[in-house]
Amino acid sequence: MRILGIETSCDETAVCLIEAEGNLGADFTFRILGNGIASQAVAHADYGGVFPNLAKREHGRNLVPMLEIALRESGALNLRHEKGLTMSFSRLRKSLKNILAREPELFERLEPFLNEHARPDVDAIAVTVGPGLEPALWVGINFARALSLAWNLPIVAANHMEGHVVISMTEFLDSHNLSGRIDYGNEKRYIEGNIVKFEFPAVTLLISGGHTELILMKEWMQYEYLGRTRDDAVGEAFDKVARMIGLPYPGGPHISRLAEDARQNNFPRAITLPRPMLNEDTYDFSFSGLKTAVLRFTEKRYMLSEELKKQIAREFEDAVTEVLIAKMMRAVEEFGVNTVVVGGGVSANTHIRLRLTEALAEAGAKLLLCPVEYSTDNAVMIALAGYFHALKKEFAEPDTLRASGNLLLA
Ligand code: KG4
Ligand code: ZN
């Protein structure tokens, strides 16, 4: 089955085409045929975070170019024979205009694209309907509705967080070039993968810009929330602390680099931060106090030296990592689990990966993480999550699709 994945929940505009076969578990395989992804980080940098209406407009501009990349890489971008306003096309044009009434930037680009290009060989569309920023989600949803109508394709409504879970359970076979198709002269090779073999129940830790969640999975696609953040998400805390010490958005990767430098140089500890809720008997998290503690520290200083910024970054990263791992390990023990799945943008963090690997090796449990390139938002995770629902024929009625900012997994 060929699935077109669409992701616009936050500040990445992503479209991909994957081919997948088999069922969850043993015989599942997939290939990434084409993968287009445009980051809006630069556009949002001045706001120090994602500005919803700006995200909406940028998605409207970027979706068609990303679709083009995904199809071209897949060898599925073909010109249409009968171009121009044929009867059927002018009818389609009217409906497209209706569907995209609130996305003029998208209509302007999609209409000529559909007029010029033939329907690609695709079986279904998977689009993120939540959680995320509703204005941003709507652009992807309406794009999916427009394509569904033009190409007569069923739509699967995908949950963004399930995308992070599913992609973390996969194993990429060709790990040396993960960004797209690999060309060896005339030979086309695509990134391939399958699902890692593991045992249920599994504990899942989702750490991203909007979420911090500890989940128990007793079976495929069955989720039970154990705990979540009571205030800021981990990624949000990374981004806010980064901003306080003068680093650009998104701050996670910058904090990580500075922290690594502090460790390598063995800088002394100039700041001690709390480990919020570390010893409390709950699986919930809280990161806003940590952020405030950094603020109090920086407020007292007129200027922060480069060394001090690195010391702050390391202490912050250490505090976050300790709390995440302590709660996760408690869940591993309580539920006698042999598998831990970790996903979301923050799981790209080198230090967190290292400490997770050590902690789970010691406990004799398996750690499932995806390649760093696929930890942050992308459309492949959406296409994969969509595939498993498409297999069960769980399709949505296009006109009843709604953006669901706080969509849950269970
Ligand atoms: O999953 P994601 O791409 O988007 C959401 O669904 O929110 O996660 C984005 C978050 C941002 O807060 C970003 O700063 C953080 O992931 N992030 C990192 C790293 N790479 C991205 N945080 C810490 N270390 C990193 N290397
Ligand atoms: Zn995400």
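## Pairing of β10 and β11

In this predicted model, Thr204 has Ile215 of β11 as its bridge partner. Strands β10 and β11 pair in the antiparallel sense, and 6 bridges connect them.

The pair belongs to an open sheet of 5 strands, ordered β12-β11-β10-β13-β14, with mixed pairing. Strands β12 (222-228) and β14 (366-368) stand at the edges and have a single partner strand each, so one side of each lacks a neighbour in the sheet. From one strand to the next, the twist averages 25°. Helix α11 packs on this sheet and touches β10, β13 and β14. The direction of α11 makes about 155° with that of β14.

In soluble globular proteins, nonpolar side chains tend to be buried together. The largest nonpolar core here has 47 residues, and the members that touch the most others are Leu214, Ile255, Phe316, Leu324 and Met328. Two or more residues each come from β10 (202-207), β11 (212-219), α7 (234-244), α8 (252-264), α9 (288-299), α10 (306-334), β13 (339-343) and α11 (350-363). The most come from α10, which gives 13 residues.

Which residues does Ile255 touch, not counting residues up to four places away in sequence? With that exclusion, Ile255 touches Phe238, Val241, Ala242, Ile245, Leu247, Ala313, Phe316 and Glu317.

## Surroundings of ligand 1

Ligand 1 is surrounded by 18 residues, and the closest of these are Gly209, Asp239, Gly345, Asn349 and Asp377.

- His164 places a polar side-chain atom 3.0 Å from an oxygen atom of ligand 1.
- Gly252 has a polar backbone atom 3.1 Å from an oxygen atom of ligand 1.
- Asn349 has an N or O atom of its side chain 3.0 Å from a nitrogen atom of ligand 1.

Leu407 lies in the segment after α12 (380-391). Its relative accessibility is 27%, so Leu407 counts as partly exposed. Leaving out residues up to four places away in sequence, Leu407 touches Val129, Gly130, Pro131 and Asn159. The C-alpha atoms of Leu407 and Asn159 are separated by 7.3 Å, while the two residues are 248 residues apart along the chain.

Ala359 lies in helix α11. Is Ala359 buried or exposed? At 16% relative accessibility, Ala359 counts as buried because the cut-off for that class is under 20%. Ala359 touches Ile325 and Met329, again not counting residues up to four places away in sequence. Ala359 and Ala126 are 233 residues apart along the chain, and 35 Å separates their C-alpha atoms.

## Backbone exceptions

Most residues other than glycine have a negative phi, and most peptide bonds are trans. The peptide bond from Gly130 to Pro131 is cis, with omega near -15°. Pro131 lies in the loop between β4 (124-130) and α5 (134-151), and both Gly130 and Pro131 are among the residues that Leu407 touches. Phe200 and Pro201 are also joined by a cis peptide bond, with omega about -5°. Pro201 lies in the loop between β9 (191-195) and β10.

Met221, which is not a glycine, has a positive phi near 55°. Met221 is found in the loop between β11 and β12. With a relative accessible area of 13%, Met221 is buried. Asn266 has a positive phi of about 55° and is likewise not a glycine. Asn266 is found in the loop between α8 and α9. With a relative accessible area of 66%, Asn266 is exposed.

Terms used
Residues are numbered from 1 along each chain as its sequence is written. Chains are lettered from A and ligands numbered from 1 in the order in which they are written. This is a predicted model: local features need pLDDT of at least 70, side-chain atom pairs count only at pLDDT 80 or more; totals for chains, interfaces and linings use all residues. Side-chain values use heavy atoms; hydrogens and water are left out. A nonpolar core is a set of buried Ala, Val, Leu, Ile, Met, Phe, Trp, Tyr and Cys residues joined through side-chain atoms within 4.5 Å. Buried means under 20% relative accessible area, exposed over 50%, partly exposed in between (1.4 Å probe, protein chains only). Helices (H or I, at least four residues) and strands (E, at least two) are DSSP runs, numbered from the N terminus. Contact means heavy atoms within 4.5 Å. Two strands pair if DSSP finds at least two bridges between them. Axes are lines fitted to C-alpha atoms, for helices over the stretch in contact, and angles run from 0 to 180 degrees between N-to-C directions. A residue is near a molecule or strand if one of its heavy atoms lies within 4 Å of it. A polar contact is a pair of N or O atoms within 3.5 Å; within protein, one must be able to donate a hydrogen and the other to accept it, and residues adjacent in sequence count only if both atoms are side-chain atoms.
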